[in-house]
Amino acid sequence: MGDTLPRVVVGVVTDGPSERQLISQDLVVQEINELMAGEFDVIFPDDKALDGGWSLTGIRQALATLLSDPEVDVILTVGLIAGNEAAQIEALKKPVIAPFVADVEVQAFPYREADGASGKSNFVYVSRFSDARHEVATFQKMAGFEHLGLLADRLWIETLPGLDAAVNQVEEKLGIKITILPVTNSVEDALAEVPAEVDAVYLTPLLRLGLDDVKHLANGLILRRLPSFSEFDYRDVEVGILMGMASLPEDNIQLARRIALNLQSILLGENAGDLRVGLDEDAKMTINMRTARAIGFSPNWQDLLHANKLFDLTPDEGRELELTQTLHLAVEANLDLQAIEVSIPISEEEIKLARAGLLPQIGMALTNEEIDPDLAEILFLQAENTTDFSLLGSQLIYSDQVWANFQIARYLKNSTDYEVATAVLDTLNVAGTAFLAVLRAKAVEQVFAANVDVTRVNLDLAYVRERVGYSSRADVLRWESQLAIDQQDYLDARAFRQRTEVELNRILNLPQNVPILSTETDVGDFLAVMEDPRFQHFLDNPRAWLTFQEFIVEEALENAPELFRFDQLINAQKRRRTAAQRSYYVPDVFVDSQFNQNIDRSGTGSSAANMALDDQNWSVRVQATLPLFAGGARYAEFSQSRFQIHQLDLQRGSINQQVEARARNTLFQIGSSYPSIQLARAAADAASANLELVTDQYAKGAASVTDLTDAQNNALTAELAYAQARYDFLIDYINVLRSAADFSVLLEPNGIERWYDRIDVYFQQSTGGSAQLARPF
């Protein structure tokens, strides 16, 4: 196919060998091929790619070689200095595209105000119209420095004769001192060049340094606790430079597309000098928060609100949590659950207290008795002073009431166990919901943050429309107002996310001032399970869905600890009723015994008592008692127990209804929230596409501010719905697990498979076929 299309040879000039590319040539080639497929066969021969060897002479020679090469149709300068040198050539013999410009004014690039083109024949460049002086002013406002070190490539400094004048202008305007520090390819030399009195550093494009070199440079500046700013490369901030207003990586696609469009226009006959040079981008401050913490720099809230933050939190400063980890931690640490769990040892002690009445009772006594001497003389065998030791014992042979108390205590202990089991399920439900609420709040916060960016772009468009006469100042004011409102919405969303983190920390009994670094690893795995064909069969036809509902309801009724708790309470009351009945005809039978040992008899009458009395004696007694009349207490107790049993039966029936209703309601909810994920995604995609279309029309003057506001609000609503949809579904599913009283799906390694096995057995029993074989009817 290439043989039948006009062949176009593009020559490339770079400043010199570099580990970093300002833009990927593969990306540029891809955009060109996609745009001009079927029109031109564009090639980039290796022998037409020249580098200037990081010298002005070499760069100029490379440009001259390609300009005079008859095989080269168009020249692309992939370097700041090469583009700058091309702009200085008085008459270009062939089209030159220069996609990289640092500062149009300082570099004295040609610019025609009327149509935004260069106005220079055969020359088009791409400029974001970034103003280094404005960036320095922004940096100074944020960092508050007085002496700025400006790191610039030595060759770049030689290329820009107007650099000193621009620096002097900034110094005078901001009241600071700027020292220009030449850099080549040595990081150590660059660090050594920074004077001790410098309190901040500004990096111009240092393309001789690779990213590892920039990282080394950033670490050296961090050690000196110097704030730093990168003018040109977002990746500089990623590897450790404090901040920068360079374009984001995705903006390279826009730049590559512009290069392709410029090339297409040139090949279709337009003069490069008549092509628009401006590239609209949303240049946004990016701050490396890890570097900020390392040097003790804290941006103000307003700056943080507008900035893109890298490494906002680390595991050292926040707490990493996953869903299953959260559930396990909640069971281990939740204070409300721990308080309820104390009921178990309390009820165990109640059993011991009740059982004590069934066991032997052994005691002893030491008695000293002293009587009046005159009385001792007239009493027979009674000494004036007597000291005796007694050993006492008793054993209940049978008492139905005591046995009933023991058995009732055991029933109540079982009831407590089920009460704790209910609390465990509730805690898992609350913890899982709270974790997902944090993720949902973070997603909502991100949507509002993105909406602020969209509004800021629209505000920039309004400025442009005002300049070209498409709209009045009213549009600008409208978007300025909207920006303030959207920023407020973002702050509200952030505050709500922080409140959800505090609540999750409270549930997990963790310090509440530590942010949550919640991750979606196992959440994504769980969502993948929901997309399993086996799960889909539960939802894709009425018969399977109805059977699945009945399975969940049956599991809920079989597993519900609330029902088991009432069973134990009813058993306890039935035993109490039985004891009340037996109290009319079953006596209490017990035996007691006593052994006495005289230790001392003295005083008046002691001689006669010692001679007549044995020092030891014992007794055993068996007794059966049966009350004949207790004032009506026995009948009242029997009647009361009957009413209490009836009451508990009614309460259990109500709980049974509640368990079933909860299961069915959660299933109905999940039947809505699951398909809502895809519907919300479709709505968000459509709203986003509509917003893009209306934004383009607004930029061209074909749509009003009302049209764009409506489109943006629609997109915001749709994105918020989608951001929440997947978490709403997961919360609903957590509620299904709670209603079924079974979290093994999340907590046990093979819980999902065992769950599917139980479902399959149920489907076979209910429909005569497995869940996997269920089909629409």
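**Salt bridges, a helix pair and a surface patch**

Glutamate 349 and lysine 352 are joined through their side chains by a salt bridge, with 3.3 Å from N to O. The two residues stand three apart in helix α15 (residues 343-356), which means that about one helical turn separates them. The structure is a predicted model, and a search through the whole of it finds 34 salt bridges. The points below take up some of these bridges, then a pair of helices, and finally a nonpolar patch.

**The pair in helix α15**
- Glutamate 349 has a relative accessible area of 41% and is therefore partly exposed, and lysine 352, at 44% relative accessibility, also counts as partly exposed.

**A salt bridge between two loops**
- Aspartate 69 forms a salt bridge with lysine 48, and the closest N and O atoms of this pair are 2.7 Å apart.
- Because aspartate 69 lies in the loop between α2 and β4 (74-78), while lysine 48 lies in the loop between β2 (41-43) and β3 (49-51), the pair ties together parts that are 21 residues apart in sequence.
- Aspartate 69 is buried, since its relative accessible area is 14%, and lysine 48 counts as buried at 9% relative accessibility.

**A salt bridge between a helix and a loop**
- The side chains of arginine 758 and aspartate 742 also meet in a salt bridge, at 2.7 Å from N to O.
- Arginine 758 belongs to helix α27 (residues 751-767) and aspartate 742 to the loop between α25 (705-739) and α26 (744-747), so this pair ties together parts that are 16 residues apart in sequence.
- Arginine 758 counts as partly exposed at 29% relative accessibility, whereas aspartate 742, at 14%, counts as buried.

- For helix α2 (residues 56-68) and helix α3 (residues 80-88), the axes come within 10 Å and cross at roughly 65°, and the crossing is right-handed.
- On the α2 side the contact is made by Leu56, Ile59, Arg60 and Leu63, and on the α3 side by Ile81, Ala82, Glu85 and Ala86.

**A nonpolar patch on the surface**
- Ile362, Met364, Leu391, Phe595, Trp618 and Val620 form a nonpolar patch on the surface, and together they have about 730 Å² of accessible area.
- The elements that give two or more residues to this patch are β15 (361-370) and β19 (616-625).
- Isoleucine 362 is found in strand β15, and because its relative accessibility is 72%, isoleucine 362 counts as exposed.

Key. Residues are numbered from 1 along each chain as its sequence is written. This is a predicted model: local features need pLDDT of at least 70, side-chain atom pairs count only at pLDDT 80 or more; totals for chains, interfaces and linings use all residues. Side-chain values use heavy atoms; hydrogens and water are left out. Patches are made of residues with over 30% relative accessible area and no salt bridge: like charges are joined within 9 Å, nonpolar side chains (Val, Leu, Ile, Met, Phe, Trp, Tyr) within 5 Å. Accessible areas come from the Shrake-Rupley method with a 1.4 Å probe; for residues, only the protein chains shown count as cover. A salt bridge is a side-chain nitrogen of Lys or Arg within 4 Å of a carboxyl oxygen of Asp or Glu. Helices (H or I, at least four residues) and strands (E, at least two) are DSSP runs, numbered from the N terminus. Buried means under 20% relative accessible area, exposed over 50%, partly exposed in between (1.4 Å probe, protein chains only). Axes are lines fitted to C-alpha atoms, for helices over the stretch in contact, and angles run from 0 to 180 degrees between N-to-C directions. A crossing is left-handed if the near helix is turned anticlockwise from the far one by less than a right angle, and right-handed if clockwise. Contact means heavy atoms within 4.5 Å.
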